[in-house]
Amino acid sequence: MPNKPHTTHDPMPLDIRVSGASLSFDRHTVFHNLTFLAQGGQFTGILGPSGVGKTTLLKIIAGLLPTGTTEICDQRGSSIQGKIAWMSQKDLLLPWLSIFDNVCLGAKLRGAITPQIQDRATSLLHQVGLAHVANKRPDALSGGMRQRAALVRTLMEDRQIILMDEPFSAVDPLTRIRLQDLSARLLHGRTVIFVTHDPLEALRLGHIIFVLNGQPATLKSIDLPNTAWPRPVDDPNVLKAQAEILTALAHSPQERTA
Amino acid sequence: MRLTILMVIFLTIWTTAWHLSGQRGYILPPPWDVAKALWSHAPLLAHHGMITLLEIILGMLFGCGFAICLGLSLALYRPAAAWVWPIFVATQALPVFAIAPLLVLWLGYGMASKVAMASLIIFFPVASGFYDGLRRTDPDLLDLSHTMNAGNWAIVRHIRLPAALPGLASGLKVGAAVAPIGAIVGEWVGSSAGLGFLMLHANARVQIPLMFAALFVLAIMAITLHSLIAYSLRRALPWIYES
């Protein structure tokens, strides 16, 4: 089973309960009163076409976009603010810092670089196979390596909740599969919400998948093939599910163009 | 190599022009007359050149210092920017040359008025480059740093400032290129020393080769300054130039 090194977080994983998430621009309602639960310690995938509001929903959950109407809490009713690590589609590595300094960015910003933090960074970089480029600047790395560095930076935050916004959509399919496996291994046991427009990515990583679609967008959970996790790409049930999701999305009412 | 070829082409065109214009040294002196003037007036050129160089360097220091402070405070305190920035843009509509006589009137024939001219002319490209750089921090980076519980000052210091350095760098390069203009115009309007002063005097006494020699010294100074700044920026900000 996946190893869980360097995790100091609460043994009881946090659920994320989202209720009343609404968003509209001008008179155009993107989504209204969305309510869902992301189970603690599991990967929850939110799948949907581009422009449906996935990233916005994730930002609302992260507290980056206050809406006033949305309630977000864990199972104890307390806020999840400060318990979140964020990983976006762009690697957001700072071009003037070495990979090592980049993965320590959070600690640096909080003025809390300690020898322990540095040891943890070294060890995590080693685990993802980036130890040899720790002193290089990001522009010397390939897209896949950069995204691995971003993953390490996310892990360095050591938060119970990880929010990922299309984390691997900018890399080639093979690298994407490797990064999915790596994330499954390293993030296992944490509460992860990831948004994606790739049905295969959702199927591989999601313990639960919600499809966000429509006008205004609604969330529907879908049935998942009962296979080992992360689900293999060559499993016939996974491929069949992927085809079904694509068909359903393709035949859903078109989003209205602005 | 390329420099040598360019020099040869330049000197050929110059000599040809001298021939075609009737070999009148008081209109266009041939290169060798200018070289002679450079040699025989070397101490004079060095003296006035040093003064102009000092004006340019002080102008750069003051102009950049003020521009960096202003860019930073406006970017950090947005409400002020809404009021102050339009004023600075408006002042740019007024050519610096137009206020040169006023500066000489207020600050005298000495170095101060020339330094003020150079500072004024440098100020805007540097301030606007830096201010734009500070304003255009990737919003996704700011989101990321908020989820990292970063304080505002830490975000400025570790993210917004370094991210704005490319903007500042291009502002500095433009500044280095225009600084000599400020100093020379200041000297033309009223001065007792400097290359601009020397050129006016040489012109009045029909010492055209000396005028060209002064121009040559000025060009060398401006090119050196620009290359020096470009070189330091490349060394200081390798991530911009090596990618």
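Q: What do the source notes say about numbering and confidence limits?
A: Residues count from 1 along each chain as its sequence is written, and chains are lettered from A and ligands numbered from 1 in the order in which they are written. The model is predicted, local features need pLDDT of at least 70, side-chain atom pairs count only at pLDDT 80 or more, and totals for chains, interfaces and linings use all residues.

Q: How many residues of chain A are in contact with chain B?
A: 21 residues of chain A, with 17 residues of chain B. Contact means C-beta atoms, placed from the backbone, within 7 Å.

Q: Which elements of chain A give two or more residues to that side?
A: Strand 5 (84–87) and helix 3 (105–109) of chain A. Helices (H or I, at least four residues) and strands (E, at least two) are DSSP runs, numbered from the N terminus.

Q: Which one has the largest share?
A: Helix 3 of chain A, with 4 residues.

Q: Switching to chain B. How many helices and strands?
A: Chain B has 11 helices and 0 strands.

Q: What does its C-alpha trace span?
A: About 75 × 45 × 30 Å along the principal axes of chain B.

Q: What percentage of chain B counts as buried?
A: 36% of its 243 residues. Buried means 20 or more other C-beta atoms within 10 Å of the residue's own, again placed from the backbone.

Q: What about confidence in chain B?
A: Its mean pLDDT (the predictor's confidence in each residue, from 0 to 100) is 90, and 99% of its residues reach 70 or more.

Key. Two residues are in contact if their C-beta atoms, placed from the backbone, lie within 7 Å. A residue is buried if 20 or more other C-beta atoms lie within 10 Å of its own, exposed if 12 or fewer, and partly exposed in between; C-beta atoms are placed from the backbone.
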